[in-house]
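Me: I would like to learn how to read a few features of a protein model. Can we go through them one by one?

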Amino acid sequence: MANFILRKAEPKDVSDILRLIKELAKYEEMEDQVILTEKELLEDGFGEHPFYHCVVAEVPKEQQSSEGHTVVGFAMYYFTYDPWIGKLLYLEDFYVMKEYRGYGMGSEILKKLSHTAVKTRCSSMHFIVAEWNKPSIEFYKRRGASDLSSEEGWRLFKIDKQYLVKMSSEE
Amino acid sequence: MNYTVRDSTPGDCKDIMRLIVDLAEYEKMPNEVKLSHKELEADGFSSNPFFKCLVAEVPEEFKSKEGHTIVGYGFYFFTYCTWKGRVVYLEDLYVMPEFRGKGIGKALMSRIAQIGRAQGCVRMQFTVLDWNKPSLDFYSSQGALNLTAAEGWQLLRFEGEALEKLAQSAN
């Protein structure tokens, strides 16, 4: 079995996208952290100024999953900017359902995204990976990715809503 | 000494570029800056901007030794977290050494937090080099959490030859 297509996500795909987001979060051992809703995904991805772009992998009906799904993988990305080199493509989420792995879907998705990056004149594709996720780190390194946290010392930080509110009111 | 924090205009790009190079020098990577102020202008001020930038400006009588009145900047754009929704990403934050200690950095950051909240952002995200103690301390004092340390996230990238190679193998 290797029949699948990659296509741009459409508004009708939001419930499948949310399902896959939750599956990936479960794999990353953080599924209770997903509070995003289908409504927000729809508004944020398919409005006038989308906050993200999404590609889905779909199999024919006869190869649907044990639960009857035909959308079996996805990648969510957006464009960011590096003041040193310009536009970048940032890969936010990338996932293929367990029963569909090993058929080259992940590779094809990554190739398609890197093609998009080059076509839109992005200098680089960036993404984060959890340091314990050895299979993914190996997958990326085999394809030429460099680990900037190890090589250059970059550390990722966040400031949550309550501190943002505090900071905005202190101005 | 008074200062104002305002939205940048296309005319500010030469100053912004100057400060980008200053920051790159501080981060010990000045040779990595390949962008020109013209590209910055095209990418930041078209109908579909790839970034936004605030500048901190002082009155003429307080200009720098070299005669500059634009003395700091905060460079940001919007990204997306599949678990929580909209995020404001702080790409660069910098104040010239002779203007530090007056609250300009905090003012730039607060305004970006305010803008982020107005856009419905749930979080601000950014990276910091692991040896940059003054910045690490400043961000911690504002409520920032080091996700690389706390959750093990590593920042990776595909660029140059590796990105081209990956793109060329797409169907």
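Reply: Start with R19(A). R19(A) has a relative accessible area of 15%, so it is buried. Keep in mind that this is a predicted model.

Me: Which side chain meets R19(A) in a salt bridge at 2.6 Å, N to O?

Reply: That of D16(A). D16(A) is buried too, with a relative accessible area of 16%.

Me: Why are R19(A) and D16(A) separated by about one helical turn?

Reply: First the general idea. An α-helix has 3.6 residues a turn, so residues three or four places apart point the same way. Now the case here. R19(A) and D16(A) are about one helical turn apart because they sit three residues apart in helix α1 of chain A.

Me: What about E23(A) and R19(A)?

Reply: Their side chains also meet in a salt bridge, at 3.8 Å, N to O. Both residues belong to helix α1 of chain A, four residues apart, about one turn of the helix. E23(A) has a relative accessible area of 24%, so it counts as partly exposed. The cut-off for buried is under 20%.

Me: Which residue forms a salt bridge with D12(B)?

Reply: R6(B) does, and the closest N and O atoms are 2.8 Å apart. D12(B) is buried, at 6% relative accessible area. R6(B) is partly exposed, at 24%.

Me: Which residues are linked in a network of salt bridges?

Reply: R7(A), E10(A), D13(A) and E58(A) are linked in such a network.

Me: Now a helix. Which residues of α4 in chain A are buried?

Reply: Helix α4 covers residues 134–142, and S136(A), I137(A), F139(A) and Y140(A) are buried there. Look down the axis of α4(A): the buried residues fall within an arc of 160°, so they line one face of the helix.

Me: What does the face turned away from the buried side of α4(A) carry?

Reply: The exposed residues K134(A), P135(A) and R142(A).

Me: What do the buried residues of α4(A) pack against?

Reply: In chain A, they pack against α1 (14–27), β4 (86–96), α3 (105–119) and β5 (124–130). From chain B, β7 (153–159) joins in.

Me: What comes just after α4(A)?

Reply: Look at G144(A), which takes a positive phi of about 100°.

Terms used
Residues are numbered from 1 along each chain as its sequence is written. Chains are lettered from A and ligands numbered from 1 in the order in which they are written. This is a predicted model: local features need pLDDT of at least 70, side-chain atom pairs count only at pLDDT 80 or more; totals for chains, interfaces and linings use all residues. Side-chain values use heavy atoms; hydrogens and water are left out. Buried means under 20% relative accessible area, exposed over 50%, partly exposed in between (1.4 Å probe, protein chains only). Helices (H or I, at least four residues) and strands (E, at least two) are DSSP runs, numbered from the N terminus. The arc is that of the directions from the helix axis to the C-beta atoms. Contact means heavy atoms within 4.5 Å. A salt bridge is a side-chain nitrogen of Lys or Arg within 4 Å of a carboxyl oxygen of Asp or Glu.
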